[in-house]
Amino acid sequence: MPVLQTKLFIPRLRPHTVPRPRLIEKLNEALRSGRKLTLVAAPAGFGKTTLLSEWITDVQHQDPFPKVAWLSLDEGDNDPSRFLACLLGAVNRADATLGVEAPSDQPIGTLTTLINEVSQGSHHILLVLDDFQFIEDPSILGALVFLLDHLPPKLHLVIVSRSDPLLPVARLRAGGELTELRAADLRFTPHEAATFLNQMMHLDLSAADITALEARTEGWIAGLQLAALSLRERTDATGFIQGFTGSNRFVIDYLVEEVLHRQPTRIRDFLLHTAILDRLSGPLCDAVTERSGSSEILASLERDNVFVVPLDDRRQWYRYHHLFADVLRARLAADDPAGPARLHTLASAWHEHNGLAEDAVAHALAAADFDRAARLIELAVPLVRQSRQDATLLRWLTLLPEDTIARRPVLGVYYAWSSLVSGDLLTVESRLVDAEHALAATTADGAPAHDSAPGEELRTLPVTIAVYRAALAQARGDVGAMKVHAGRALDLSRPGDHLGRGAAAGFLGLASWAAGDLDGGVRAFGEVRTSLRLAGNLADALATTIPTADMLLSQGRLREARRAYEQALQLAGEQGDPPPQSTGDLHIGLGELLRELGDLPAAAGHLAASEALGDQANSRENRYRWFVAMARIRQTEGDLDASIDLLGKAERHYLRGFFPEVRPIPAMTARVRIAQGRLDEAGAWADERGLSAGAEPVAEDLTYLREFDHLTLARLLIAQQKTPEALRLLERLLDAAETGCRSTTEILMLQALAHGSHGDTALALTPLARSLAQAEPEGYLRLFADEGAGMAALLREASTRGIAPDYVRRLQRDTRLTAGRPGSIQTLADPLSEREVQVVRLLASDLSGPDIARELYISVNTLRTHTKHIFAKLDVKSRPAAVSRAEALGLL
């Protein structure tokens, strides 16, 4: 959905404004000090926005002055996608050199991109979020906490709110990162009240009257302004001032009535009838009041200080002060109970005619004109879904009566989809059934009985229903039902319906994948890719690379998977800027693969590229994979605690139901626990998954979806020295993998480890030789390297027997095979880096310095630098001493 530009305009400083130098200086000091956040929090009517307008005017005369990004929020912005789109719209409007693209619905990656862009930009930015009290969505608030935690020096955040935001204000205050202005700060002092009443409002009040009025309003600016408007035509100012007292709510009700009473009938009617509008323009007000001349009335109200705030530089859009509008609406409802609905309907029609779909829907809902709202929502569905504002769509649909949705099958189907993506699986099928009934119903003369408008959405609805049923089956893990519904979608779709056919083929591919038919899955996703390209949907076509590569990896086809990723990234790069949404996912997948191949710098580079692209180039369902890939890198580096933390974050980001869960994150975590020697925790995982680590493990059939779990269990049994149980399990896994035409490389490697852990080296070499023979052509490295001392011993033995000699030498030379499990190999205060470990191993050989440099493809000077660092970290002064110390630490 497009961003409404009036939300981004900085409110102009009004001519009759009391200067507030004491507050301006406090705000300027916040900028000078480099604090992260300025919070202006007070109830309505305390002049928050006016103060910010004055400050911005002052700031823009400073040298150098920051760019100002302003965003006026409303309740509709409590949607992650919409909030981020508006926020980026404000920032890009302030500094056009940034050009941060509109996001998807994952805030963290988008804000990462923003942080990077601002850090590298040439301007400081002042970002103001006005009316922040509307924001309550946890993902938005979490994103802003992330932004505050990583705020670059060139960005200062200002939050203006009626209440304290749900942010770590206390932590920021304690850390000296917060500037606060509260109601007590914003109240007019007696001097400011006198300036406002006598100079700005042109009253001639005595000092005593001013003191009395200031005391009765307690410096509350809205109360003073309303009182001043009421005093303009009174001769007995003292009597009037003494005649009212009480709370702010009482005072404003009383004073608004006074202001309205003194307006001509035409102006009073105008104020009441247009109070239902959040934003006012001349043409819009003409439509709502059904009269002309509204632009002139708005201009005169602004001149007379009657609580009208301009929203743009050209004085085309305005809004009423919030308190003033509240009272006007209450008065309208009391005087004419049917009036608000009629006026909202007129406003909805104007917004629809002017292409403002979101406002048109909002006013139709406010009018309780549900048929109109439903029609407008149907029209807006493609755009809302394209911009991934699922929360907005779900909010609209929940405001419609069930009988209205029941008459519109298109809305019923998309309500089912909204329920599915929000995790409410229980209601999906019933809504799809209701939509089918509505679609099939006819009148007596055979005409459709439903209210959905003809068009592409309606024509393809049977295909969409079948696809969503396949998605529901996927979310429930029902592979059989997924195949049935995907097949029906394929049968229903027309030859030229490339999107429908592509979606159906995709679910057939997922079903094949989940069943372990990897050849069938790869073929199906090839068909998906072709259909999507024919439909012109390049981003989704590129996204098919991820599941395809995952299946190729399960078949041990690493080279093909790498080629698929690299070709897809090349194609994505040819599309220009912005990159297709799946580009970040492709970087993550290739990064994971390169880690296995032993190229850690390149792997980390691809993960950094994905993170830099932000959420506009990463799909929501694949976001967790970045954390998994980084966890694997940390594990390879020996930082197992960091790996556990990253896997925890991956679990929190994981969205079930999109792809078969073939590598469950808890099982990955259990593998790291095993590497740490924390076998009790790994055993608890096995119990939770229903896997027995006792004498007879795993009585169930060994399905492909449980293969990763079972391989993890085999590792646990080996670590627990339960070799017979591990070998029985691995033999069954080997049979299942061979039957399913899947890779057996890892299973054979684990069989070797199991025999080796039992002292049966001769028995171990047979499966090891088979595993190495499969692994060498594909370039596996970390599969063996991450298994630690047991594998190191087996490879030494394989080397002496001449098994895969070149490959074994590479594994021994280029990997960190250790005398202990990864993570327990170094007790140094400053551990050796990956490259330094490689150097120290070669120092233990007979190679000369120049030979070592050639072996590592580095210069002799670089080798000397590495050697100097190694000597310092090991606290030695010679090569033999370094080798001896490294051996003691288990590095050789």
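## About the model

This is a predicted model, in which local features need pLDDT of at least 70, side-chain atom pairs count only at pLDDT 80 or more, and totals for chains, interfaces and linings use all residues. Residues are numbered from 1 along each chain as its sequence is written, and side-chain values use heavy atoms, leaving out hydrogens and water.

## The nonpolar cores

Let's start on the inside. In soluble globular proteins, nonpolar side chains tend to be buried together. A nonpolar core is a set of buried Ala, Val, Leu, Ile, Met, Phe, Trp, Tyr and Cys residues joined through side-chain atoms within 4.5 Å. Here, buried means under 20% relative accessible area, exposed means over 50%, and partly exposed lies in between (1.4 Å probe, protein chains only).

The largest nonpolar core has 142 residues, and the members touching the most others are Ile377, Leu400, Leu768, Leu772 and Phe784. Helix α25 (residues 461–476) gives the most to this core, with 10 residues; helices (H or I, at least four residues) and strands (E, at least two) are DSSP runs, numbered from the N terminus. A second, separate core holds 51 residues, including Leu197, Leu224, Val259 and Trp350.

Which residues does leucine 768 touch, not counting residues up to four places away in sequence? They are Leu748, Ala752, Phe784, Met791, Leu794 and Ala798, where contact means heavy atoms within 4.5 Å.

## Two loop residues with positive phi

Glutamate 290 sits in the loop between α14 (282–289) and α15 (294–303). Its phi is positive, about 60°, although glutamate 290 is not a glycine. Buried or exposed? Glutamate 290 counts as exposed because its relative accessibility is 56%.

Glutamine 721 lies in the loop between α38 (707–719) and α39 (723–739). This residue is not a glycine either, yet glutamine 721 has a positive phi of about 60°. With 69% relative accessibility, glutamine 721 counts as exposed.

## A closer look at leucine 399

Leucine 399 belongs to helix α20 (residues 390–399). Its relative accessible area is 47%, so leucine 399 is partly exposed. Leaving aside residues up to four places away in sequence, leucine 399 touches Leu365 and Phe370.

## The cysteines

A disulfide is a covalent bond between the sulfur atoms of two cysteines. How many disulfides does a search of the whole structure find? The search finds 0, with a disulfide taken as a pair of cysteine sulfur atoms within 2.5 Å.

Cysteine 86 counts as buried because its relative accessibility is 4%, whereas cysteine 741, at 54%, counts as exposed.
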